[in-house]
Amino acid sequence: MNHHLSDETVAGLPLSLGRAELLEEIMSTPVLDDRPVATADRRRSRWLVPTAVAAAVALLVGFGAWWGSGFGPSGDDRTGQVATAPGPETSFRAVLDAPGWTVDNVYTDSRGGELSYVNGDLSFEINWYPADSYADYVEDRRHITDPPSDGEPVEVLGLGAQMWAYSDLDHTAIREPEAGHWIEARGDGMDEAAYVALLGQLRLVDEHAFEAAMPASYVDGSERDAAIQQIIDGIGEHLDPVIPPGSQRVGFSSDQNDPYHLGADVAGAVACEWLADFDEAHSAGDQQRMDRAAAALATARDWPVLQDMEERGDYAEVVYDYADQVARGQVPEGYAEGLGCEG
Amino acid sequence: MTDGREETFRRLYAEHFDAVLGFALRRTDRPEDAGDVTADTFLVVWRRLAHVPAGDEARPWMYGVARRVLANHRRGDRRRTHLGERLRRELAAAVPDVSDGVVQRADVTAAMRRLSARDQEVLELHLWEGLEPREIAEVLGLTTVVVRPRLSRARARLRDLLGEDPGNDPGPPGHDPSRHPQLTRKERP
């Protein structure tokens with residue numbers, strides 16, 4: 001393959017006739033189906049969303065992959081922990097109970113969740129969604145094939161499901177709704193037989209069992225306030241006061257369970273406060289206040305929470321970059337969006 | 001209504017044709033195949049026009065479609081339409097003559113082949129299409145919180161293979177990436 005051409009080079013290729021002809025050809029074809037996706041699910045009704053699956057009680061397997069080093073033991077401490085058998089009303093989440101697979105990422109919110117596992121180069125991702133989005137997702141997945149078609153019938157956690165193949169080594173299955181939710185599971189890097197075998201190792205869990213199945217570093221609701229305070233204390237060792245004088249902020253909060261996302265919420269909130277302070281001072285031409293904010297942000301590289309997050313993603317790097325820009329007297333463009341600042 | 005539909009499609013076609021074709025050319029061995037992928041991708045856009053997100057989200061959405069179309073082609077699915085025959089011929093004649101204007105160095109390409117398919121795909125979207133994590137997430141149907149660490153790890157692995165940071169010298173990306181990082185983490189409804 002020698003066609004790693006830039007788009008600019010592509011634009012310069014002599015293709016005008018073919019390009020124009022294709023446009024007219026396409027518009028002469030009938031429109032088969034153009035049912036719009038419900039607005040509320042726009043961001044999640046994608047063509048290639050991974051997905052789905054499964055079920056019941058949580059036995060812990062190794063969690064060595066969880067946030068690299070420094071967070072939590074290997075997981076053996078919870079191995080064998082069995083949660084209370086869940087009732088059907090609340091057991092819409094699924095976990096994978098298979099040797100060799102470790103939790104790589106977890107994200108939950110009020111509408112659903114996402115849980116990914118890795119095993120070497122293999123990955124397995126579980127998503128659960130509210131039942132009202134089921135039809136849209138099935139319709140999207142039907143277009144994995146051309147022409148669109150229903151998936152191969154399979155059983156997942158005792159319910160009917162449809163399975164499609166993105167490739168020989170990449171499969172997804174959508175399970176019928178139950179308990180107000182439906183599940184999709186996607187396995188990448190394995191053939192169909194291995195994928196189906198993993199589907200059989202899913203377990204439905206309620207919230208309690210789900211939390212029990214997470215790595216030791218998972219921050220559940222009862223641990224969250226203390227975790228937030230620990231983050232603030234760590235920042236406070238290098239930055240006093242932690243937030244600018246005159247700030248209207250009253251405490252810090254987060255609904256995240258993953259240490260990385262929790263850290264981003266809290267450290268991001270502190271950074272946002274100082275960036276906003278710098279922004280206001282810059283607009284007002286208040287050099288002294290600008291210097292104070294710049295000095296505060298210059299401590300970011302010492303914040304333990306950001307140091308812990310460096311290995312897992314780019315959030316810390318972005319905060320450092322903003323601090324550097326502020327040190328140069330610049331208001332970082334788009335910082336509020338970049339860090340997810342409130343308001 | 002029909003006129004509005006055609007007008008919308010013409011606009012999308014004009015705005016994104018080069019990007020979609022570039023996406024396909026960078027991932028296929030034969031330029032004619034890239035023509036097929038482009039034709040099939042825009043056929044999907046035409047048929048599912050109401051699904052195309054507005055604004056900046058349109059291109060990642062189209063990349064996502066093109067990715068699926070490409071996967072079908074790689075599986076050996078026979079082309080079911082006869083659209084774009086002239087484009088195929090023009091591509092077959094034009095692309096082999098092009099030796100400049102590539103998106104990355106040969107050594108980076110070689111190193112990327114040594115990565116896992118998953119790492120490769122994330123890096124390709126970042127280095128070739130110039131996409132930020134939020135946009136990559138849209139293409140892959142994942143959330144940004146999943147993509148960001150995956151991309152970071154993939155970059156680190158490539159950096160280890162090359163002994164340098166590939167992101168500093170990938171050559172010009174497919175289109176201008178965002179000027180600032182997109183780390184919005186609350187994209188879920």
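**Sheet and helix packing in a predicted model**

Strand 5 of chain A pairs with strand 6 (residues 159-167) of chain A in the antiparallel sense, over five bridges. Within this pairing, Glu155(A) is found opposite Gly160(A) of strand 6 of chain A. The model is a predicted one, and the description below should be read with that in mind.

The pairing belongs to a wider arrangement. Seven strands of chain A form an open sheet in the order 2-3-4-8-7-6-5, with antiparallel pairing. Strand 2 and strand 5 (152-156) of chain A are the edge strands, each pairing on one side only. On average, neighbouring strands of this sheet are turned by 20 degrees against each other, direction ignored.

Chain A as a whole contains 11 helices and nine strands. Of its 343 residues, 48% count as buried. Among contacts in chain A between residues at least 6 apart in sequence, 65% join residues at least 24 apart.

Helix 4 (residues 192-199) of chain A has Tyr195(A), Leu198(A) and Leu199(A) as buried residues. Viewed down the axis of helix 4 of chain A, these buried residues fall within an arc of 110 degrees, so they line one face of the helix. The cover over them includes several strands of chain A, among them strand 4 (122-130), strand 5, strand 7 (170-175) and strand 8 (181-188). Strand 1 (93-96) and strand 9 (202-205) of chain A are also included in that cover.

The buried residues of helix 6 of chain A are Ala227(A), Ile228(A), Ile231(A), Gly234(A) and Ile235(A). Seen down the axis of helix 6 of chain A, they fall within an arc of 125 degrees, so they line one face of the helix. An α-helix has 3.6 residues a turn, so residues three or four places apart point the same way. The buried residues of helix 6 of chain A pack against helix 7 (259-284) and helix 9 (304-309) of chain A. Turned away from this buried side is a face that carries the exposed residues Ser222(A), Ala226(A) and Asp233(A).

Elsewhere in chain A, Ala295(A) lies in helix 8 (residues 287-297). Ala295(A) is partly exposed, with 14 other C-beta atoms within 10 Å. Ala295(A) and Trp274(A) are 21 residues apart in sequence and 9.7 Å apart in space, C-alpha to C-alpha.

Chain B provides an example of helix packing. The axes of helix 2 (residues 31-47) and helix 4 (residues 85-94) of chain B come within 8 Å and cross at roughly 145 degrees. This crossing of helix 2 and helix 4 of chain B is right-handed. Where the two helices meet, helix 2 of chain B contributes Pro31(B), Glu32(B), Ala34(B), Gly35(B) and Ala39(B), while helix 4 of chain B contributes Leu87(B), Arg88(B), Leu91(B) and Ala92(B).

Key:
Residues numbered from 1 in each chain as written. Chains lettered and ligands numbered in written order. Predicted model: local features only at pLDDT ≥ 70, side-chain atom pairs only at ≥ 80, totals over all residues. Helix = DSSP H or I, 4+ residues; strand = E, 2+ residues; numbered from the N terminus. Buried ≥ 20, exposed ≤ 12 C-beta atoms within 10 Å, placed from the backbone. Contact = placed C-beta atoms within 7 Å. Arc of directions from axis to C-beta. Pairing = 2+ DSSP bridges. Axes fitted to C-alpha atoms, helices over the stretch in contact; angles between N-to-C directions. Left-handed = near helix turned anticlockwise from the far one by under 90°.
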